[in-house]
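Trainee: Please take me through this model one point at a time. I would like the cut-offs stated as we go.

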Amino acid sequence: MRSASGAEGRAGATPPSGNGVPADADRTARARIRDAAVHRFAVEGFGASVRAIAADAGVSAGLVMHHFGSKDKLRAECDAHLLATIRRLKRENVADAAAGQSFFHKFAAAEENAPIVGYVLRSMQDGSALAREFIDHMVADSVDYTRDGVAAGVIVPSRDEAARARYLTLSALGALLLEVTLSPPSDPSDLVTIVRDYLANSYLPMMELFSEGFLTSRRMLDDYLLYVSDPPPPDEAVPAPAPG
């Protein structure tokens, strides 16, 4: 794996574009500004200044305003671009799994998505209406690509596809947020190390749960399905044990 001290994880470095190529290979100023903003927001948060974003993109602050009108509109375009990138990556994973391809290259390339992870993390920490809208879109998108996986035969069907997709998305996001909050990185701008540490702690148990399951029987599920289909009246419900 690449060293975390490399420039790819820090503000001011040329960020990758959502198409997996360096931003300087994308000749449109608008795309360079957007990619610089994604990286700067991921590293510094949404309080990052337009001047800092412009400097990262190698343009003037006035050109940023010319293309986007305001920082909020620039952020909205970053949101849309990141959501489209996440959808593309997830659908590629489903297609690779359906084709029986190895995931070795996906594991090796995970750090390349560090700006995406940093941006999502900052969105959760932000807690604004824009952040909630971004996370809601992530959940809605996950319903679609999970259904793609079911249709391709690589994901088992669910009794409630939308509820499962929502649970998996929020669980993953919550785990990421807790990991960074409880074990904060020494350098918050080092996105590669944040991603590396999170994956080192999470990949094995996550893959085990997704591939092998957790419980040895489905008794709890069967009991729950019986309960929700015909719950007992309150006076027949088993009381909770007394504390202590």
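**Helices, contacts and salt bridges**

Trainee: Which residue follows H2, and what is its phi?

Mentor: H2 is followed by Gly-58. Helices here are DSSP runs of H or I with at least four residues, strands are runs of E with at least two, and both are numbered from the N terminus. The phi of Gly-58 is positive, near 75 degrees.

Trainee: What do the residue numbers and values rest on?

Mentor: This is a predicted model, in which local features need pLDDT of at least 70 and side-chain atom pairs count only at pLDDT 80 or more, while totals for chains, interfaces and linings use all residues. Residues are numbered from 1 along each chain as its sequence is written, and side-chain values use heavy atoms, leaving out hydrogens and water.

Trainee: How many helices does the chain have?

Mentor: Along the sequence the pattern reads α-α-α-α-α-α-α-α-α-α. The chain has zero strands, and its helices number 10.

Trainee: What percentage of the 244 residues is buried?

Mentor: Buried means under 20% relative accessible area, exposed means over 50%, and partly exposed lies in between (1.4 Å probe, protein chains only). Of the 244 residues in the chain, the buried share is 35%.

Trainee: How many of the eight residues of H2 are buried?

Mentor: The buried residues of H2 are Val-50, Ala-52, Ile-53, Ala-54, Asp-56 and Ala-57. They pack against H1, helix H3 (61-68) and helix H4 (71-98), with contact meaning heavy atoms within 4.5 Å. H2 is therefore largely enclosed by the rest of the structure, and the buried count among its eight residues is six.

Trainee: Which orientation term describes H1 against H2?

Mentor: Helix H1 (residues 29-44) and helix H2 (residues 50-57) pack at about 120 degrees, their axes lying 8 Å apart. Axes are lines fitted to C-alpha atoms, for helices over the stretch in contact, and angles run from 0 to 180 degrees between N-to-C directions. Under 35 degrees counts as roughly parallel, over 145 as roughly antiparallel, 65 to 115 as roughly perpendicular, and the rest as oblique. H1 to H2 is therefore oblique.

Trainee: How many charged residues are in the contact of H1 with H2?

Mentor: H1 contributes Arg-32, Ile-33, Ala-36, Ala-37, Arg-40 and Phe-41, and H2 contributes Ala-52, Ile-53, Asp-56 and Ala-57. Ala, Val, Leu, Ile, Met, Phe, Trp, Tyr, Cys and Pro count as nonpolar, Asp, Glu, Lys and Arg as charged, and the others, Gly among them, as polar. The contact has seven nonpolar residues and no polar ones, and the charged number three.

Trainee: Which orientation term describes H6 against H9?

Mentor: Helix H6 (residues 114-126) and helix H9 (residues 191-212) pack at an angle of about 85 degrees, with axes 9 Å apart. That angle makes the orientation of H6 to H9 roughly perpendicular.

Trainee: Which residues of H9 make the contact with H6?

Mentor: On the H6 side, the contact is made by Ala-114, Pro-115, Val-117 and Gly-118. By class, the residues of this contact are six nonpolar, one polar and no charged. On the H9 side they are Leu-191, Val-192 and Val-195.

Trainee: How many salt bridges does the structure hold?

Mentor: A salt bridge is a side-chain nitrogen of Lys or Arg within 4 Å of a carboxyl oxygen of Asp or Glu. One network of them links Arg-40, Glu-44 and Asp-56. The structure's salt bridges number 11.

Trainee: How many residues apart are Arg-30 and Glu-77?

Mentor: Their side chains meet in a salt bridge (2.7 Å, N to O). Arg-30 is in helix H1 and Glu-77 in helix H4, and the sequence separation is 47 residues.

Trainee: Is Asp-141, which forms a salt bridge with Arg-87, buried or exposed?

Mentor: The closest N and O atoms of Asp-141 and Arg-87 are 2.7 Å apart. Asp-141 lies in helix H7 and Arg-87 in helix H4, 54 residues apart. Arg-87 is partly exposed at 26% relative accessibility. Asp-141, at 12%, counts as buried.

Trainee: What is the N to O distance between Glu-92 and Arg-88?

Mentor: An α-helix has 3.6 residues a turn, so residues three or four places apart point the same way. Glu-92 and Arg-88 are four residues apart in helix H4, about one helical turn. Their side chains meet in a salt bridge with an N to O distance of 3.1 Å.
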